[in-house]
Amino acid sequence: MILDELELNFVLYLALSLLVIGIFLSLIAKASKESDSNSIENRLEKALPGVQCAQCGYPGCKAYAKALANGEVACTKCTPGGPDTAKELASILGLDEIPSFDNDDMIFSPRTVAFVHESVCTGCTKCKRVCPVDAITGSPRAAHVVDKELCIGCDECVKICPVKCIELIKLDPTVDNFNWEIHSIRITGGSNK
């Protein structure tokens, strides 16, 4: 099939038009992405540790950053980040007074960790797949165990467990789980978006 001159011109003009529209749309997308990356919400999210532990009361760092940007919550709720993160969040928000981070809660309150009731566990491995710190061990169709040293108490395994055999428990305050470091350690990492 041979195209005549009119059809060939139509195809060329259509291709050229689509190319111009594509370039225009990519420039708009790039400009909006740059403005989004400089937004307060994104800057707050980047300042957070990114472990998605939900200890702040929000389902993840993105939700906590959104609440911070909207002025709904204090910037001292990130336990893994500690006082350094609270100060950085305060500076991003432009707060004149840097909030004090109550370290007494971190020292004297026992940590919350997940506990698997092995007699009920079916070994489905769903909890193991969602654990952000790989604190759950076990093989398929066998009871799983949570390493209390690694567990951050994020509650993700409790939510996903189909047989509800996981619960969050507070560790007994002992010499072994006493927080000997008065100040928290800043956790870095997570996904950069």
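**Cavities and salt bridges in the predicted model**

The lining of the largest cavity is made up of 12 nonpolar residues, 1 polar residue and 1 charged residue. The model examined here is a predicted one. Within this cavity lies about 90 Å³ of space, and of its 14 lining residues, Cys131, Cys151, Gly153, Cys154 and Cys157 are the closest to the centre. Across the whole structure, the search returns 3 cavities of 30 Å³ or more.

Attention now turns to charged side chains. The whole structure holds 2 salt bridges. One of them pairs Lys62 with Glu45, with 3.8 Å between the closest N and O atoms. Lys62 belongs to helix H3 (residues 61-69) and Glu45 to helix H2 (residues 40-47), so this pair ties together parts that are 17 residues apart in sequence.

The salt bridge between Lys159 and Glu156 has an N to O distance of 3.6 Å. Here both residues sit in helix H7 (residues 156-160), and because they are 3 residues apart, about one helical turn separates them. Lys159 is partly exposed, with a relative accessibility of 47%, and Glu156 is also classed as partly exposed, with 24%.

Methods. Residues numbered from 1 in each chain as written. Predicted model: local features only at pLDDT ≥ 70, side-chain atom pairs only at ≥ 80, totals over all residues. Heavy atoms only, no water. 1 Å grid on protein atoms, 1.4 Å probe; cavity = no way out; pocket = protein on both sides within 12 Å on 5 of 7 lines; lining within 4 Å. Points joined across faces, edges and corners; volume = space filled by probe spheres on them. Nonpolar A, V, L, I, M, F, W, Y, C, P; charged D, E, K, R; others polar. Salt bridge = Lys/Arg side-chain N within 4 Å of Asp/Glu carboxyl O. Helix = DSSP H or I, 4+ residues; strand = E, 2+ residues; numbered from the N terminus. Buried < 20%, exposed > 50% of the residue type's maximum accessible area, 1.4 Å probe, protein only.
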